[in-house]
Amino acid sequence: MDTATVARFEASRNRLASLAYRLLGSAADAEDTVQDAFLRWQAADHEHVEVPEAWLTKIVTNLALDKLRSAKTRRERAVGAWMPEPLLDGDPMLGPADTVEQRESVTVAVLLLMERLSPVERAVYVLREAFSYSHAETSEILGITESASQQHLHRARRRITAARNETETDPASARRIVEAFIAAASSGRTEQLIALLTNDATAVSDGAAGLAEKLIRYVTPEQVAHAMRVGIKPTAAKRALAGGTPSIHAAVINHQPALLFVVEDRIAGIAILEMRGDKIAGMCGIAAPARLGRLTGEWRRHEHDDPLIESW
């Protein structure tokens with residue numbers, strides 16, 4: 001393969017990885033999918049590829065759908081232990097992020113809700129909301145009719161509406177939100193913490209050190225507040241599971257404010273806060289090392305603010 005052909009693929013790599021990540025919820029699976037697409041690009045007859053970007057989009061989308069439909073993936077997700085792989089603000093896999101819809105489509109809350117969609121509904125939603133493909137283009141990519149594309153998008157939007165979030169998060173606002181959360185959770189006063197929550201706040205966690213066989217869910221503000229109070233309280237057992245004494249940082253993860261528990265430059269756990277206005281509508285706690293590898297790598301490559309708590 002000549003240099004120009006490789007360069008043409010590389011020019012699309014970040015966009016293709018972002019597409020695959022939104023479809024699969026896993027950065028590792030997204031990278032594997034893009035690499036598979038590259039192998040197909042190598043083997044293709046390029047004289048018959050009129051629009052490389054469209055050709056590559058179709059290949060990556062359908063490779064991702066094949067993975068979602070595979071028996072192995074269905075088994076892994078059916079047991080109730082699947083969570084998205086979180087990404088740090090600035091990770092190219094989060095792009096595009098120019099519109100509210102594009103940013104929402106990659107929040108952890110939406111990635112979790114997309115588990116309720118069929119693979120085709122998920123693909124239509126991502127292609128339309130995140131990449132602005134028309135129904136004509138989407139139908140060609142997926143091999144369905146335009147009418148079916150419209151119906152799939154309607155159903156997907158109806159299921160995803162619950163996670164719509166108009167609160168914009170930048171590093172400064174994330175730090176303020178996390179500071180308020182830590183103050184309330186550490187106060188020992190449940191009512192102070194509940195005041196930060198919406199009336200329908202929920203939370204989900206993969207357990208201490210990510211060891212829960214199934215995700216732990218909290219379905220009322222009172223349950224969420226109790227879990228947050230217990231979770232933020234330092235203990236020797238928690239430090240042992242974390243592999244040391246963490247510092248606590250504020251960051252933006254998947255366009256949402258988050259707490260990061262950092263042990264010697266390694267992310268030991270995170271708590272992502274889903275905001276609705278100025279209140280917390282949801283929390284997602286992730287501590288499984290397999291889900292935090294890319295996040296740790298990105299964390300090490302970037303400068304970051306001083307910790308909110310130096311030694312937890």
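Here is a short chat about reading a few features of this predicted model.

Me: What should I know before I start?
Reply: It's a predicted model, where local features need pLDDT of at least 70 and side-chain atom pairs count only at pLDDT 80 or more, while totals for chains, interfaces and linings use all residues. Residues are numbered from 1 along each chain as its sequence is written, and side-chain values use heavy atoms, with hydrogens and water left out.

Me: Where is serine 247 found?
Reply: Strands (E, at least two residues) and helices (H or I, at least four) are DSSP runs, numbered from the N terminus. Serine 247 sits in strand E3, residues 247–253.

Me: Is serine 247 buried or exposed?
Reply: Buried means under 20% relative accessible area, exposed over 50%, and partly exposed in between (1.4 Å probe, protein chains only). Serine 247 has 10% relative accessibility, so it counts as buried.

Me: Which residues is serine 247 in contact with?
Reply: Contact means heavy atoms within 4.5 Å. Setting aside neighbours within four places in sequence, serine 247 is in contact with Leu260, Phe261, Val262, Pro307, Ile309 and Glu310.

Me: How many bridges pair strand E1 with strand E6?
Reply: Two strands pair if DSSP finds at least two bridges between them. E1 (residues 197–205) and E6 (residues 279–286) are parallel and share five bridges, with threonine 202 opposite glycine 282 in E6.

Me: And which way do E1 and E2 run?
Reply: Antiparallel, with three bridges joining E1 to E2 (residues 216–218). Here serine 205 stands opposite isoleucine 216 in E2.
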